[in-house]
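Subject: A structure to look at, with notes

Dear colleague,

Here is the structure that I promised to hand over to you. Please open it first and keep it in view while you read the notes.

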Amino acid sequence: MTEPTRGGKPQVENHGRYLVDVPVRWSDMDAYGHVNNARFLTIYEEARVALFFQGAREHGLGSFEEGIVIARHEIDYLRPVDYGDPVRVEMWISEQRAASFTVAYELFDDGELASRAKSVCVPYNLANGHPRRLTPEEREFLRPYLAT
C-alpha cells in the first residue's frame, strides 16, 4: 500500500484511490476536544481541492479550477478525531455521469477509519452561470479513480 507523503503531497494507491494527509488545526476542535463535526467538511474540501486542483494540474488539466460546485454532501461519523497528527483522506469516484460525479471519501485517524463521506460535484461554468458536462479530458483524468 502506498502511503501519502507528509505535508499534503498526495499519491495514488494501486487500487485507484487518491491519498492526501490533511493537517488537523487547533481551530478545528470543539468544546469536547474533538474535531467539530462541521470541520469534517473542511477537511474533505482540502482533500478534494488537492485532487481537482493540484492533482489535475500535475496532469495538465486546469478546467476543474474554472468551476466545480457541490450539489450534495453526505457524512457518516464513525468515531471522534482528536487533535494531533494529520488525518489521511482516501478518495475515489463512486459514480460518474455526463454532468456530475460523486467523490467518495474515507478519513483515517491514527490508521483507524473515523468517517465516510460522499460529495456530488457538478462542473460549473462560472462565467455563464450554469452547469456543464464533463470534458473528455476530465473523464480521462477521473478514470483511474473510478470505482468498478
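The notes below go from the whole chain to single residues.

Please keep in mind that this is a predicted model, in which local features need pLDDT of at least 70 and side-chain atom pairs count only at pLDDT 80 or more, while totals for chains, interfaces and linings use all residues. Residues are numbered from 1 along each chain as its sequence is written, and side-chain values use heavy atoms, with hydrogens and water left out.

The whole chain

The protein chain holds two helices and seven strands, where helices (H or I, at least four residues) and strands (E, at least two) are DSSP runs numbered from the N terminus. Read from the N terminus, the order of these elements is β-β-α-β-β-β-β-β-α.

As for its dimensions, the C-alpha trace spans about 45 × 35 × 25 Å along its principal axes. The radius of gyration, which is taken over C-alpha atoms, is 15 Å, and this agrees with the value near 15 Å for a compact globule of 148 residues; the globule rule used here is 2.2 Å times the number of residues to the power 0.38.

Of the 148 residues, 41% count as buried, a word that means under 20% relative accessible area, whereas exposed means over 50% and partly exposed lies in between (1.4 Å probe, protein chains only). The accessible surface comes to about 8000 Å², and 50% of this surface belongs to carbon and sulfur atoms; such areas come from the Shrake-Rupley method with a 1.4 Å probe, and for residues only the protein chains shown count as cover. If you take the contacts (heavy atoms within 4.5 Å) between residues at least 6 apart in sequence, you will find that 61% of them join residues at least 24 apart.

Charges and salt bridges

The chain carries 17 positive and 23 negative side chains, and the centres of these two sets lie 6 Å apart. Lys and Arg count as positive and Asp and Glu as negative, while His and the chain ends are not counted; the place of a charge is taken as NZ of Lys, CZ of Arg, CG of Asp or CD of Glu.

A search of the whole structure gives 12 salt bridges, each being a side-chain nitrogen of Lys or Arg within 4 Å of a carboxyl oxygen of Asp or Glu. One of them joins Glu106 to Arg17, with the closest N and O atoms 2.7 Å apart. Because Glu106 lies in strand E5 (residues 101-109) and Arg17 in the loop between strand E1 (11-12) and strand E2 (18-22), this pair ties together parts that are 89 residues apart in sequence. Both Glu106 and Arg17 are buried, and they belong to a network of salt bridges that links Arg17, Arg88, Glu90, Glu106 and Arg116.

Glu138 forms a salt bridge with Arg132, with 2.6 Å between the closest N and O atoms; Glu138 is buried at 0% relative accessibility, and Arg132 is buried at 19%. In the salt bridge of Arg57 and Glu65, the distance from N to O is 3.0 Å, and here Arg57 is partly exposed, with a relative accessible area of 48%, as is Glu65, with 34%.

Some single residues

Ala56 lies in helix H1 and is buried, with a relative accessible area of 0%. Leaving aside neighbours within four places in sequence, Ala56 is in contact with Leu51, Leu61, Phe64 and Phe141. His59, by contrast, sits in the loop between helix H1 (39-58) and strand E3 (68-77), and it counts as exposed at 59% relative accessibility.

Asp109, in strand E5, is buried, with a relative accessible area of 5%. Beyond its neighbours within four places in sequence, Asp109 has contacts that include Arg79, Pro80 and Val81. Asp110 is found in the loop between E5 and strand E6 (112-125), and it is exposed, with a relative accessible area of 62%. Is the phi of Asp110 positive or negative? It is positive, at about 50°, although Asp110 is not a glycine. For background, most residues other than glycine have a negative phi.

A colleague
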